[in-house]
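Please look at the sequence and the model, then read on.

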Amino acid sequence: MDLKYIGHSAFEIKLENNSIMIDPYVSHNEKYNWHDSNITDIFVTHAHSDHLGQAIEIAKEKDATITAIVELAQYLKEQGCKVRSVNFGAWINYDWGRVVFVPAYHSSSLPDGRYGGEAAGVIVDTQGVRIYHAGDTCLTSEMKTIKELYRPNIAMLPIGGNYTMDVEHAAVAAHWIGAQTVIPMHYNTFPEINADIEKFMALVQVNNSNCAILDPEKV
Ligand code: NI
Ligand code: MN
């Protein structure tokens with residue numbers, strides 16, 4: 001498995017024969033090239049433009065399926081995408097693994113202003129590794145349930161504040177989730193979400209989690 005951080009909350013996870021993407025807002029990173037990847041599935045946590053990103057364009061070029069919460073999936077279907085419409089609470093199976101959508105405490109509106117459905121996080125279970133991508137969320141006790149039910153190995157957490165958890169709350173989240181590795185995201189993309197990454201690393205290490213800072217420049 002190869003985990004590529006494209007910046008903001010966008011990731012490509014390269015598996016044996018295919019790739020999956022989460023929140024593919026990739027237009028801000030000129031170094032990232034998705035055209036050569038075999039992207040089969042795209043997961044969008046919620047409808048905000050910094051998460052929906054280039055999902056439609058990528059899905060159409062790659063003939064990939066976008067999995068999203070019902071209201072967002074309906075919108076994407078109207079845009080001509082192949083979709084898988086889901087909601088919280090069940091594992092969804094793919095030929096490379098499985099994914100469950102979990103609650104995020106946030107808002108969600110579609111590009112045309114309509115209600116975008118509930119905001120979500122996703123847990124990807126593949127090749128014996130569980131990756132929790134929290135989407136945009138505040139600190140919520142839901143994360144304690146996530147630890148109890150899913151025991152993720154890797155947690156991708158928003159730390160930029162203003163719209164999501166800040167570094168202090170994200171460090172508490174890391175503790176509650178109990179993942180061995182924490183990957184910070186959703187910071188420094190624009191001024192309102194500038195974050196003190198050194199402080200986050202220090203806070204996370206208090207709880208014996210390993211903090212992996214991934215550099216979008218090395219995508
Ligand atoms: Ni958002
Ligand atoms: Mn966001």
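## The two metal ions

How far apart are the manganese ion (ligand 2) and the nickel ion (ligand 1), and which residue coordinates both? They are 3.3 Å apart, and the residue that coordinates both is Asp 136. The manganese ion (ligand 2) is coordinated by Asp 50 (OD), His 51 (NE2), Asp 136 (OD) and His 186 (NE2), at 2.2 to 2.3 Å. Donors here are N, O and S atoms within 2.8 Å of the metal (3.2 Å for Na, K and Ca); water is not among the atoms, so sites may look incomplete. Along the sequence, the spacing of the donor residues of this manganese ion is D-H-x84-D-x49-H.

Asp 136 and His 186 link distant parts of the chain, 50 residues apart. Asp 136 sits in the loop between strand E10 (129-133) and helix H4 (142-150), and His 186 in the loop between strand E12 (181-185) and helix H6 (197-206). Asp 136 is buried, with a relative accessible area of 2%, and His 186 is buried too, at 1%. Buried means under 20% relative accessible area, exposed over 50%, and partly exposed in between (1.4 Å probe, protein chains only).

## Basis of the model

The model is predicted: local features need pLDDT of at least 70, side-chain atom pairs count only at pLDDT 80 or more, and totals for chains, interfaces and linings use all residues. Residues are numbered from 1 along each chain as its sequence is written, chains are lettered from A and ligands numbered from 1 in the order in which they are written, and side-chain values use heavy atoms, leaving out hydrogens and water.

## The chain as a whole

The protein chain has 6 helices and 13 strands. Helices (H or I, at least four residues) and strands (E, at least two) are DSSP runs, numbered from the N terminus. Of its 219 residues, 54% count as buried.

Among contacts with a separation of 6 or more, 55% join residues 24 or more positions apart; contact means heavy atoms within 4.5 Å.

## Thr 140

Thr 140 also lies in the loop between E10 and H4. Thr 140 counts as buried, at 12% relative accessibility. Leaving aside residues up to four places away in sequence, Thr 140 touches Tyr 105 and Trp 176.
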